[in-house]
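Subject: Structure handover

Hello,

Please find the structure below, followed by notes on what was found in it.

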Amino acid sequence: LQGHGSTQPTLALFNANINPKALTEHPTIPPYVEGCQRRAEQLGYPLNTFWLHEPDFRANRWIDILETRGIRGIVLIGFMRQNRIPEHLLPLVEHFPTVVTGVRTRDPALSFACVDHHILAVQSFEKSLSLGYKRPGLVIDKTIDDLIEQRFSAGYQSGQLLLPESRRLRPFFKVKAATKNPGLFEEWMNKEKPDVIFTLYNVVMHWLNDLGYSVPENIGLIQYEWRKSNLDWAGMNQHNDITGEAAIDMLIGMIHRGESSIPDFPRSTMIGPTWVDGKTIRKQ
């Protein structure tokens, strides 16, 4: 556990990922943390960090720890493969105002801040058409798409309505299976014949290279979550740090309004993405 006692109102940042070091080691979570820390410091709120899955920690123990440290509210970050609060920890989010960032929760549904995944997919599609691509394809693992209520695939399908039916492709959802059997991806490529692919995964570049494709000469790649570690890729910057700032703003508002417990009507703040040029798409 990290943190310190304080007489000032204090906030808690809970790492909800199964990896206890995800706040610093995960490829996408650290920018959220950076934004949370920056906004909390700007507004004068000390921020303590914890791991939600500490062994043998029940809700009552967490409540005692947080109240002792003067903590008034919680930000949950790092849900990746699941988006549900462990049942034994429900009293914790009933006791303190709580905001989720990154991925919204179900059962219970809490207020959240995240990128607007749907408009991200729509804008990516529109951008690909403006670059002259004719057959955009989507490669996304179904588990990840389900985690965000299919907002990536829904935005992609909305974009396909701009095309004649002959150029509407079926998404490839079997990413996890294809990591063990790349032939599944090859079958999809041969059937759908995309000329540009939207994805989250660097491995798609390797699959294409193994199949003899050259990026961007005869196929383009657009990443739905552009990161500084992928400077050569074109894609959409989700601005996860700004999402972290928004989560802190939401939480402080809840504290000032005296809100606690699980909300009857969860609120959301969605951050708009921006396009980043890169070497994985052809020149317009």
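In strand S3 (residues 71–77), Ile71 is the bridge partner of Thr10, which belongs to strand S1 (residues 10–15). Helices and strands here are DSSP runs, numbered from the N terminus (H or I, at least four residues, for helices; E, at least two, for strands). S1 and S3 run parallel and are joined by 6 bridges; two strands pair if DSSP finds at least two bridges between them. On S2 (residues 47–51), also parallel to S1, there are 5 bridges to S1, and Leu13 has Thr49 as its bridge partner there. Of the 6 residues in S1, 6 are buried, where buried means under 20% relative accessible area, exposed over 50% and partly exposed in between (1.4 Å probe, protein chains only). One side of S1 carries Thr10, Ala12 and Phe14, the other Leu11, Leu13 and Asn15, and both faces are covered.

This is a predicted model, in which local features need pLDDT of at least 70 and side-chain atom pairs count only at pLDDT 80 or more, while totals for chains, interfaces and linings use all residues. Residues are numbered from 1 along each chain as its sequence is written, and side-chain values use heavy atoms, with hydrogens and water left out.

The average pLDDT (the predictor's confidence in each residue, from 0 to 100) is 93, and 97% of the residues score at least 70. Residues 1–6 have a pLDDT below 50; this stretch has 18 contacts in the model beyond near neighbours in sequence. Contact means heavy atoms within 4.5 Å.

On nonpolar cores: each is a set of buried Ala, Val, Leu, Ile, Met, Phe, Trp, Tyr and Cys residues joined through side-chain atoms within 4.5 Å. The largest has 41 residues, of which Val139, Phe185, Ile197, Val204, Leu208, Leu221 and Tyr224 touch the most other members. Helix H10 supplies the largest share of this core, 4 residues. Apart from it lies another core, of 26 residues, including Ala59, Ile71, Val93 and Phe96. Beyond its neighbours within four places in sequence, Leu208 is in contact with Phe185, Met189, Ile197, Tyr213, Val215, Ile219 and Leu221.

There are 13 aromatic pairs in the structure. Rings of Phe, Tyr and Trp (its six-membered ring) pair if their centres lie within 6.5 Å; planes under 30 degrees apart count as stacked, over 60 as edge-to-face and the rest as tilted. Phe125 and Phe198 form a tilted pair, at 5.9 Å centre to centre with 40 degrees between the planes. Phe125 lies in helix H5 (residues 117–130) and Phe198 in strand S7 (residues 196–199), so this pair ties together parts that are 73 residues apart in sequence. Both Phe125 and Phe198 are buried. Phe185 and Trp207 make a tilted pair at 5.0 Å centre to centre, with 40 degrees between the planes. Because Phe185 lies in helix H9 (residues 183–192) and Trp207 in helix H10 (residues 203–210), that pair ties together parts that are 22 residues apart in sequence. Phe185 and Trp207 are both buried. Ring pairs also link Phe125, Phe152, Tyr156, Phe198 and Tyr224 into a cluster.

Finally, Met254 lies in helix H11 (residues 240–256) and is buried, at a relative accessible area of 6%. Not counting residues up to four places away in sequence, Met254 touches Pro97, Thr98, Val99 and Glu259.

Regards
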